[in-house]
Amino acid sequence: MDRPHTILSCAVSVDGRIDDTGPERLRLSNEADFAEIDELRAQCDAILVGAGTLRNDDPRLLVRSERLRARRRERGLTENLLKAVVTRTGDLDPGARLFTTGDAGAVVYTGGDGVGRARDRFAGRPGGLPPVDVVDAGDPPTVEAIQADLAARGVRRLLVEGGGRIHTLFLTSGLVDELRLAVAPFFVGEADAPSFVHPGAFTATPAAPMRLVEARAVGDIAVLRYRLDAEGAA
Ligand SMILES: NC(=O)c1ccc[n+]([C@@H]2O[C@H](COP(=O)([O-])OP(=O)(O)OC[C@H]3O[C@@H](n4cnc5c(N)ncnc54)[C@H](OP(=O)(O)O)[C@@H]3O)[C@@H](O)[C@H]2O)c1
């Protein structure tokens with residue numbers, strides 16, 4: 001199948017948590033690491049998160065650096081990436097920053113009753129805002145359907161940025177090529193804090209592990225890069 005090269009990027013604590021239970025988003029990265037992530041974003045065509053991350057963090061998912069945005073313009077690209085959100089319910093806030101910022105628009109992947117609900121939410125959107133498409137990607141949505149739709153939109157590199165449910169969906173699909181983990185030098189230690197992943201049938205197992213291609217210190221953050229694709233396994 002023609003699908004985008006898919007990179008999953010996440011910052012975790014040493015105990016595998018991607019946030020704490022407090023109202024503010026936990027900072028698990030440093031400025032140098034954020035700059036690397038920005039560079040990674042700028043090299044991709046689309047960026048995807050789950051509805052949980054959208055509700056919790058209200059992210060913009062923009063390329064932060066003016067230099068990187070200018071470089072994309074010079075290459076004839078939009079300054080920012082196409083944004084993608086995965087939801088089962090379709091119950092999204094159309095006023096969320098993800099849908100009101102950027103210049104490449106967004107796609108909502110949902111299924112079943114979620115399709116009608118999401119279409120209702122985005123109906124009558126004021127002009128001048130970035131476009132939002134609602135796509136039926138199965139009930140529940142599958143990675144295969146999402147990737148096929150993105151490929152048809154010309155997306156060759158997809159960046160997946162959370163949260164735990166969506167990491168699990170992708171990492172159990174066998175359709176992720178690279179994993180970039182930034183490990184912060186502390187523990188969260190809360191039972192209810194969101195985890196990097198949930199239980200599932202992951203394709204990387206003790207018998208078929210990922211290939212570690214890089215382990216590097218960015219200040220006190222450990223950046224680990226793994227390959228999961230056939231090239232990585234070779
Ligand atoms: N440290 C990091 O790098 C990082 C990055 C991103 C997010 N986070 C954190 O992650 C947390 C959110 O994680 P999360 O696990 O709660 O949320 P999530 O993975 O972002 O989204 C979960 C939502 O995705 C939808 N979903 C779940 N399974 C699905 C499936 N099979 N098909 C289609 N849609 C599906 C559901 O949306 P509906 O409810 O709409 O059906 C579900 O509520 C936040 O605390 C955030 O701060 C951390």
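This is a predicted model: local features need pLDDT of at least 70, side-chain atom pairs count only at pLDDT 80 or more; totals for chains, interfaces and linings use all residues.

Colleague: Which other elements supply at least two residues of the shell around the ligand?

Modeller: Besides helix H2 (51–57), these are strand S1 (5–12), strand S2 (46–50) and helix H7 (164–171).

Colleague: What makes a residue count as near the ligand, and which residues come nearest?

Modeller: The C-beta atom, placed from the backbone, must lie within 6 Å. The shell holds 28 residues, of which Gly50, Gly52, Arg88, Gly162 and Gly163 come nearest.

Colleague: How many helices and strands does the protein have, and why is it called as compact as a globular protein of its length?

Modeller: There are eight helices and nine strands. The radius of gyration is 17 Å, and the globule rule gives 17 Å for 234 residues; the two values are close, so the protein is as compact as a globular protein of that length.

Colleague: How do you know that S1 and S7 pair?

Modeller: Pairing requires at least two bridges found by DSSP. S1 and strand S7 (residues 178–183) have six, in the parallel sense, and isoleucine 7 stands opposite glutamate 178 in S7. Since six bridges meet that requirement, the two strands are therefore called paired.

Colleague: What is the sense of the pairing between S7 and S9?

Modeller: S7 and strand S9 (residues 221–227) pair in the antiparallel sense over six bridges. In S9, alanine 222 is the bridge partner of valine 183.

Notes
Residues are numbered from 1 along each chain as its sequence is written. Helices (H or I, at least four residues) and strands (E, at least two) are DSSP runs, numbered from the N terminus. The radius of gyration is taken over C-alpha atoms; the globule rule is 2.2 Å times the number of residues to the power 0.38.
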